[in-house]
Amino acid sequence: MKTELFLSLLKTMRPPRLANKVKLLLRGRFPLAVAMAAGLTPICLGQRAATEEAAWAAFTQSTKPEATVRYIPTGTENQELDIFSPPAAQKSGKPRPVLILVHGGGWSGGSRDALAPHARYFAARGWVCVNISYRLTSVPGITLAEAQQDVRAAFDWVRSEAGKRGWDPNRISALGESAGGQLACALGVLPPEPKRWRAHSLVLVNPVLDLTTLNWALNTPGLREAGPVDPATAAQHPAGLVSPIFHLTREAPPILLLHGRKDVSVPIAQAEAFAARAKSVGAVVELVVLENSAHAFLLREYGNPVDMRAALQRIAQFLGEP
């Protein structure tokens, strides 16, 4: 167990004085320590621990989604989504919250398969998970604008299907990883009409928040044609128009931002600047820094199990009980 990571995450969940109460638990099971720190009763503690164990087992296994749907009827295969539902035992007849997952890949690559383990994890914790694909900029003629349109179209599809599927249309959250974090901000942060596509909450994992300062991002189709960025007018540059940091307001959804200190693809300075802007405009942004993690720490092929599991539990705590 990486004690320093756990304690840094714990400080974001509860007052610092609780950290001392759980130090003796760190030699035991991590879910137990989290539950004790949250002040749960023994019975509730056992239930939470069992749920976490089941969720982690789902994360590490490989099961097919309940269904695959094309969310734009005349769209391409890159406009499909997979649905992962909670276990039958968790169904109570009440509308279930939905979590939309948006993969990374620099907008030009990647696939929704990267976040399938995470969809299984949160489904096991009671969320309906909708793991989406979107048009990639590696296809001629596709830009970030089309990718953002796809994320909003998937959100509209979820909202329109909610009534017939037993989903809660007022509790649709989104999780985006890397470039997918920038795209997830299309749901309540980025123009146009952020209020129209406002998610209940956003989870951004090592996200791209300022494209104007990343040379590799500025080479994206639709941006590279615009030429260099003048720092004095960066917000008006096409790269600035799709950079969440320039559009964050107090009306944005609550945001959990997780970033690795050792990230060289998207520097930690972006996350810190985003959190600082949130404070200045009155937005709700919680920044969790993983001191020993690099980019893509939440992906199975790059991260380590201890950090991934700790981060997943922190995200579940932020999203709240289904």
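In what order do the strands of the open sheet stand? Hi everyone, let's start there. The open sheet has 8 strands in the order β1-β2-β4-β3-β5-β6-β7-β8, with mixed pairing. Strands here are DSSP runs of E with at least two residues, helices are runs of H or I with at least four residues, and both are numbered from the N terminus. Two strands pair if DSSP finds at least two bridges between them. β1 (67-70) and β8 (285-290) are at the edges with a single partner strand each, so one side of each has no neighbour in the sheet. From one strand to the next, the twist averages 20 degrees.

Before going on, a word on the model. This is a predicted model, in which local features need pLDDT of at least 70, side-chain atom pairs count only at pLDDT 80 or more, and totals for chains, interfaces and linings use all residues. Residues are numbered from 1 along each chain as its sequence is written, and side-chain values use heavy atoms, with hydrogens and water left out.

Now let's look at strand β4. All 5 of the 5 residues of β4 (residues 128-132) are buried, so the strand is largely enclosed by the rest of the structure. Buried means under 20% relative accessible area, exposed means over 50%, and partly exposed is in between, using a 1.4 Å probe and protein chains only. In a regular strand, side chains alternate between the two faces of the sheet. In β4, V128, V130 and I132 point one way, while C129 and N131 point the other way.

What about the neighbours? Strand β2 (residues 80-84) runs antiparallel to β4 and is joined to it by 4 bridges, with I83 opposite V130. Strand β3 (residues 96-102) runs parallel to β4, with 5 bridges between them, and V98 stands opposite V128.

β3, helix α5 (residues 116-124) and β4 also make a right-handed β-α-β unit. Right-handed means that, with the strands pointing away from the viewer, the path from the first strand over the helix to the second runs clockwise.

Axes are lines fitted to C-alpha atoms, for helices over the stretch in contact, and angles run from 0 to 180 degrees between N-to-C directions.

Last stop, the aromatic rings. How many aromatic pairs are there? Rings of Phe, Tyr and Trp (its six-membered ring) pair if their centres lie within 6.5 Å; planes under 30 degrees apart are stacked, over 60 edge-to-face, and the rest tilted. By this rule there are 5 aromatic pairs. W56 and F59 are stacked, because their ring centres are 4.9 Å apart and their planes are at 10 degrees. These two are 3 residues apart in helix α4 (residues 42-60), which means about one helical turn separates them. W56 is buried at 15% relative accessibility, and F59 is buried at 1%. Ring pairs link W56, F59, Y121 and F122 into a cluster. Finally, R300 lies over the face of F59, 5.8 Å from the ring centre; the rule asks for NZ of Lys or CZ of Arg within 6 Å of the ring centre and within 35 degrees of the ring normal.
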